[in-house]
Every structure is written in C-alpha cells, then in structure tokens.
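Thanks for coming. I will take the cavities, then the sheet, then a helix and a loop.

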Amino acid sequence: WRLDAGLKIFELALPTTMAMECLLPVGIEGTVGSQLVDAFRRPLEVSWRLDAGGVSVVLRAVVELGSEFPPPMMMLEVHGPSRVTQLKIPGMAEPEQIDEIIQGVLSQGADVPDELETARLLGPDDGWDPSAVLDKLEFLGQEVEALQLRSQRQWHSSTCSHHALFNAGVLLRAARHPGSHSEARQDLLSSRLLWGRTLGGIQELVKHGEVSGKWVASRVTSGMADEAHLQVLIDSNPLLCGAVRILSMPEQWSTEEEQAVASVVTEGREVAFLLGAAIHWVCVVVSPGPKPRIWYLDSENRRLAEAVRLGPEAFAAADEEANRARRIVTLGAGRLQQAPDAEIQRVLEDGMPQYWRGVTQASEFWRFKPRNVRERLMQLQMVAIETHLTNIVKALRAAAPNPAL
C-alpha cells in the first residue's frame, strides 16, 4: 500500500513471493498512518490474468484481513471473442480441474447441435460395457433392469444439479438409440462435454435472469441451480423439453409423475427425472424394453445398492470414514494450515462455526459441518433416493399389463 504525501513516500511492505503495490487515491482525509492502516484493513480484490489460445483467463479473489488464503471460493472468468464465461470455483481447485473448465468453454462453439448428436452416438453395442456399470440395483425387483452407471465425478461442491441434467441428456439419447451405449459411456465420462454444457447453461441462466429480473448473476455463477433454474434449461432444449421431470423431494410425487412413468409401458416413451435428495441432485432415466429399464446416476458415484444393504445410518458412518483423509487434507490446507493435529481432529468432529451479523449460523450451513450433521444429511439423502426409485417402480408395476410386473 503506497501513499504519496508531500516530498515523502510512505510504504507498508509485507514479505511476499509476488510483488504487488496499491496506490491509495488522493483526497482521502486522515493522517498518513490512519490512511495506510484503513487501506490495509479493507478487503482487497486480487486478480491474475493469462492470455492464451485466443482467450483471456482471469482468476479473481477477495482477500480480507485475517481470512484464509487461498480463499474458500474464487471467480474464474474466460474472456472469448464474443462472450465472457464466469464460474465460482473452490480456492483449492487443482490445475487440471481449472483446465477442464477452460476446455469446456473452448468447446462450446464447436459442439454438435443436440438434434444431430444422436448420429454420433450410434454404435454396434447392445448393452453397457461392464466398466460403465457401478452396480445392479437388484433391490428394486427382478421385473425391471435397473443399473447404476458410472458418472463423471463431481469435484465442484455446487454443480450436482448441472451434472444430473447433463447425465439425463446423454442417457435420453442412448435410450432412444439402442446400440449407442459405448459412445454414451464416453460422453458420460467426458469432462469437456460436461463443462461445455454446464457453462453454456450457466450463461443461459445469467441472461434469463437479466431479462426476467428473477435472479442476479451471482445466484447462478456459483454453479448452483435449483428447480426454477433447471426448468428454464429444460424448456429451452428440444431434447429435454417434455421428457425431463423435476422432483426436489419424494413428497412431491403425484399422479402426473405416475402418468409419466406409465407412458414408458403404455406408449414406449422415455422419461428422465432430476431428483432432489436433501442437499444433492441425482438423475434417473426410465425407458421401455422387454423389461422396463432404469438407469441411475449420482455425480458422487456413491453406491446405492450398498447404502440399501447397510442401511442409512451404517452407510453414512462408512462414507464418513472413507472421506476422512480427504477432509483432513482440505482442513490442513486452509485456515488450519498451522494448527496441531488435535485441532484438526476436533474440527472434524465439531465443525467450524460461521457467523453473520453477530449471530452463529445453523450448523447445516457451515462450510465445515459437524460430523453428526454430515452423517444426518447423508442419511436423509440416501433415504430420499431410495424412496424416489421405489415410487418409480411402483408406478411401473401399476401400469404393466403383465401382472408379474
């Protein structure tokens, strides 16, 4: 921070590996000391810019006195010839993850339109390669062919609904074109396609919010998309419109959903569901066949059959232990970088409180939640998913002309 006053130059310098100087604007009242300290205590927006391949990539972060660095979230901007794409990303994002997003942006203009992509998906296969299948969902009964397929793994904490929508589109095309499973599997695991569609959807939501006044850009550039946002993206896509239904919770199941599932049996139509489960979204596609087919995808690739076998409480405890090492690394790289192991273990159990205007927020909204809250949310999530799928199977049985179903 630099202040020119009279014939003297006052500087407040900090040891750093990257030199940076901020020149204070003239005309601010106060002594030299008060101006420098006031500037030092203000939030500082820092940005890094790199020009490469015909685009400019900018990474922005707001740094506050006493806050951790890197900050929890940063804004990634990709400036292309005709538009700017924005997405908030975790401060601990890996270089290859940022590269995935940039490649997704660059691929948007080169993508084949949805109505033509089916030709690319056609292939000689008549089923899914074993490597594409995580589990058979036999708990749903022998009358249906139910599989959990492997999804592109979600690393961004807020984009599960975009993952679910992307997976629904790929599976709808596969269901409508038997023999395309091999290419569909490649699409499901393509980070370039996923991020191209996700970022395109986010920019569409930004424009819709500006025109309609329904939301501000920051509501969707975080990567989050709720039921209203998803409906906008579905309605604007000919492949998805009329074929994808949204249920943010099992309690929303109604006769309309029963009729949509029944059309799989009575009319040979495919139907996809984006299903809300506590704080997560998953995708299910139901398609006709000798046995009705159910394809289920979770961007976390948590094994649903195992959750049903163990029960929600035991599964949540096992999932907690499986992710313990990853959480320790995350905590140790942030605000607790210099903390002893005992403190990191304490935060793993008790969480790290967050405050707003002098009030402690509910622990469900903390960035690092207490262990019991994490396990309870996981239990609610798995119970909701199982309930959603049970409702779908019941509707198939009610619509089947064969009493055996």
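A cavity here is a set of points, on a 1 Å grid over the protein atoms alone, where a 1.4 Å probe fits but cannot get out, and its lining residues have an atom within 4 Å of a point. Grid points are joined across faces, edges and corners, and a volume is the space filled by probe spheres set on the points. What you are looking at is a predicted model, in which local features need pLDDT of at least 70 and side-chain atom pairs count only at pLDDT 80 or more, while totals for chains, interfaces and linings use all residues. Residues are numbered from 1 along each chain as its sequence is written, and side-chain values use heavy atoms, with hydrogens and water left out.

The structure holds two cavities of 30 Å³ or more. The volume of the largest cavity is about 40 Å³. Its lining consists of Glu68, Pro70, Pro71, Pro72, Gly91, Met92, Thr330, Gly334 and Arg367.

Now the chain as a whole. There are 14 helices and 14 strands in the protein chain; these are DSSP runs numbered from the N terminus, H or I of at least four residues for helices and E of at least two for strands. Of the 405 residues, 47% are buried. Buried means under 20% relative accessible area, exposed means over 50%, and partly exposed is in between, with a 1.4 Å probe and protein chains only.

Next, the sheet. Six strands form an open sheet with mixed pairing, in the order β7-β8-β12-β11-β10-β9. Two strands pair if DSSP finds at least two bridges between them. β7 (133–136) and β9 (244–247) stand at the edges with a single partner strand each, so one side of each has no neighbour in the sheet. On average, neighbouring strands of this sheet are turned by 25° against each other, direction ignored. Axes are lines fitted to C-alpha atoms, for helices over the stretch in contact, and angles run from 0 to 180 degrees between N-to-C directions.

Two helices pack on this sheet. Helix α4 (residues 160–176) touches β8, β9, β10, β11 and β12, and its direction makes about 10° with that of β11. Helix α14 (residues 371–399) touches β9, β10, β11 and β12, and its direction makes about 150° with that of β10. Contact means heavy atoms within 4.5 Å.

How many residues of β11 are buried? Eight of its eight. In a regular strand the side chains alternate between the two faces of the sheet. From β11, His280, Val282, Val284 and Val286 point one way, and Trp281, Cys283, Val285 and Ser287 the other way.

On one pairing, β10 and β11 run antiparallel, joined by seven bridges, with alanine 277 and histidine 280 as bridge partners. In their hairpin, which has two residues between the strands, alanine 278 takes a positive phi near 60°. β11 and β12 also pair in the antiparallel sense, over five bridges. Valine 286 has isoleucine 294 in β12 as its bridge partner.

Last, two items elsewhere. In helix α1 (residues 32–41), the buried residues are Gln35, Leu36 and Ala39. They cover an arc of only 95° around the axis, so they lie on the same side of α1; the arc is that of the directions from the helix axis to the C-beta atoms. Arginine 83 is in the loop between β5 and β6 and is partly exposed, with a relative accessible area of 39%.

Terms used
On a 1 Å grid over the protein atoms alone, a cavity is a set of points where a 1.4 Å probe fits but cannot get out, and a pocket is an open set with protein on both sides within 12 Å along at least five of seven lines; lining residues have an atom within 4 Å of a point.
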